[in-house]
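The sequence and the model are shown first, and a description by topic follows.

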Amino acid sequence: MKIVTCIKRVPDTEARLKIAAGRDIDAAGLKFIISPYDEFAVEAALQLREAKGGGEVIVVSVGEAAAAEQLRAALALGADRAVLLEAPPTLDGLVTARALAAELKDANADLYLFGMKAADDDQQQVGPMVAELLGLPCVTVVAELELGDGKILCHREVEGGIEVVEAPLPAVVTITKGKYEPRYPSLKGIMAAKKKPLEEKEAAAGPSRVRLLDLSHPPERPPGKVVGQGADAVPELLRLLREEAKAL
Amino acid sequence: MTHATEEQQQVRELAREFAERELRPHVERWDREWALDASVLPALAELGFFGMLAPEEYGGMGFDLPTYVGALEELAWGEPTVALTLSIHSAFAVSLLLRHGSVEQQQRWLGPLARGEVLGCLALSEPGAGSDAAAVQTLARREGPGWVMSGTKKWVTNGRIAGLAVVLARTDEPPGSRGAKGIGAFLVPTESVGYDVGEREHTMGLRPAEVVTVQLRDVRLGPEALLGDASAGFVYAMQGLDVGRLGIAAQAVGIAQAALEHAVAYAGEREQFGQKLRTFEGMQFKLADMAARVDAARALVAWAAATPSTRASSAAKLFASETAMWVTTQAVQVFGGYGYMRDYPVEKLMRDAKATEIYEGTNEIQRVIIARELYRGA
């Protein structure tokens, strides 16, 4: 069983982001992590490999040279080898997807896993686009996977229920929060990661056609309002919720 | 510190993440219940923390001391007793076996110690042998090819849950005739008949760690129990303490860092006289002094780990423990009345910090050692 998991380097989701003058995120002193949904995908790959009693988990990232740090973190978690496709950051999902597809078209993997979306730009594009470019079936927003004979069963969390769908392998699956709570890397894993192969090469990335024009923090929330105290305040509260907040 | 390798950084991050998610949320309850949850040490064993100083061929990590102290600091930031337990295990069981154990002894113990299947502890202190450690009276009498051990050991941290106790006992005849040169170090399996665990101490802080008295009642040991030279146990104990004190120093930095962070957060939120505490210059000076001392202690511990020596270990332990005591006391002061209450986390850190000024050699003893080293060879 050969599983490719694609991951992205993103700012720590708990970090307080500052916007630099050049209208992009100020990376100075910022901690970067594997995008959390991608981390679920790595965990899913590791669990599938363990359930199968063997196989190979390859982690791939398109990004700047610094993304090697996140690939090594995935190797420390247990992935077998890593490929970094170096390219400048882009908001054009198709540029990233093409770079990945060019690398993966001859990978002959059974499964291609992605996080359902990147934690930084939230676009949910790359997984499905890679599936399209590779001509593979794609199942998105999957909380749990089960391997069948030449196929994969995917549990999807849909509005108000759980949907189980099946796709033949090879397939592309995007993972959401569900069964795959990421493990800690072990100290052994950290030591072993240094010796695992990490291939770095130029990505086959075309020009980006989507440009960032402006980035700003959301407007500050207006301060809360104290309507009154005790039971007497309830009618006024209800009126405001209905007429002003339109919450009722 | 300033040149932490990527590996040191990753190990630190793992320890910090574990501390944040698995230790921090429970420390108040563990302090109240006098025990860690049973799952904590096995989880640390699974991740490899029991084997930090054990070589790779025994399933350990073979870490250098700078990597090791970084991990201990972060774990102590979460729960200081966890760092204490790992420090004792690493300094006195793992590193002494590595340094003085025979091949057979290493093969028997290092694997299980590195994997955390066996926890190591130290039985050195006695009712009449504290700072004067060479005054131990526990006897190891030769009998046939082996030994029979009898005596009372005090303040044995983890004496009940450990599987292996490193015990210092007199081997000279008549007992006491050779002073510090009449002591051997023994590897005593705690399952041995006659290794009896007595009363638990009621400690001021570090409450999740169990500190007990151990009675050794004619414990029969084979020749394989003796570590190295039968007259060199005291020297081995001092060598173990050189590593142990680095661990205590790292633990103290973790405690101080935790107290600093709590104080910074509180002063950033709490308002008095219509403004945040952090806007008062008196508060700013206090927080700045706390931060600078923590930085200095961490740098000293990193230096001592990178260039290990008796003097460096003693200096790191002395300075870091006094930093921890001072910083935690200031943190309680920052919290004011709330700081004195059990509901807030800083009074516990102050209680925990006090131990670091006392155990593994009081700070008075550290000063004696440093002064002696200053005149070494003079």
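How many disulfides does a search of the whole structure find over all chains?

The model described here is predicted. A search covering the whole structure returns zero disulfides over all chains. A:C138, for instance, takes part in no disulfide, and the nearest cysteine sulfur, belonging to A:C154, is 9.4 Å away.

A:C138 has a relative accessibility of 33% and counts as partly exposed. B:C121 is buried, its relative accessible area being 0%.

## Domains of chain B

The domain assignment divides chain B into domain 1 (6–118), domain 2 (121–234) and domain 3 (241–375). In the contact between domain 1 of chain B and domain 3 of chain B, domain 1 contributes 22 residues and domain 3 contributes 25 residues. The centres of these two domains, taken over C-alpha atoms, are separated by 22 Å. Together, domain 1 of chain B and domain 3 of chain B bury about 1,800 Å², with 66% of this area on carbon and sulfur atoms.

Polar and charged pairs also cross this interface. Four salt bridges are found between domain 1 of chain B and domain 3 of chain B, and five residue pairs are in polar contact, both residues being at pLDDT 80 or more. On the side of domain 1 of chain B that touches domain 3 of chain B, at least two residues each come from α1 (6–23), α2 (27–33), α4 (65–78) and α5 (80–100) of chain B. The largest share of that side is supplied by α5(B), with eight residues. A salt bridge also links B:D31 with B:R351, and the closest N and O atoms of this pair are 2.8 Å apart.

## The interface between the chains

The contact between the two chains involves 18 residues from chain B and 11 residues from chain A. About 1,400 Å² is buried between chain B and chain A, and carbon and sulfur atoms give 61% of it. Six residue pairs across this interface are in polar contact, both residues being at pLDDT 80 or more. Two or more residues of the side of chain B that touches chain A come from each of α1 and α3 (40–47) of chain B. The most is given by α1(B), with nine residues.

Chain B and chain A are also linked by three salt bridges. One salt bridge pairs A:K195 with B:E56 at 3.9 Å, N to O. Another pairs B:E7 with A:K194 at 2.4 Å, N to O. B:E7 lies in helix α1 of chain B and A:K194 in the loop between α5 (187–193) and β11 (198–202) of chain A, so this pair joins two chains. B:E7 counts as buried at 16% relative accessibility, whereas A:K194 counts as partly exposed at 48%.

## Salt bridges within the chains

Over all chains, the structure holds 50 salt bridges. In chain A, the side chains of A:R9 and A:E69 form a salt bridge of 3.2 Å, N to O. A:R9 is in strand β2 (residues 9–11) and A:E69 in helix α2 (residues 68–77) of chain A, so the pair ties together parts 60 residues apart in sequence.

In chain B, B:R29 and B:E33 form a salt bridge of 3.3 Å, N to O. These two residues are four residues apart in helix α2 of chain B, and therefore about one helical turn separates them. Salt bridges with shared partners also join B:R12, B:R16, B:E73, B:E74, B:E261, B:D295 and B:R298 into one network.

Key. Residues numbered from 1 in each chain as written. Chains lettered and ligands numbered in written order. Predicted model: local features only at pLDDT ≥ 70, side-chain atom pairs only at ≥ 80, totals over all residues. Heavy atoms only, no water. Disulfide = S-S within 2.5 Å. Buried < 20%, exposed > 50% of the residue type's maximum accessible area, 1.4 Å probe, protein only. Domains from an automatic or database assignment. Contact = heavy atoms within 4.5 Å. Buried area = accessible area lost by both parts, 1.4 Å probe. Polar contact = N/O pair within 3.5 Å; in protein donor to acceptor, adjacent residues only side chain to side chain.
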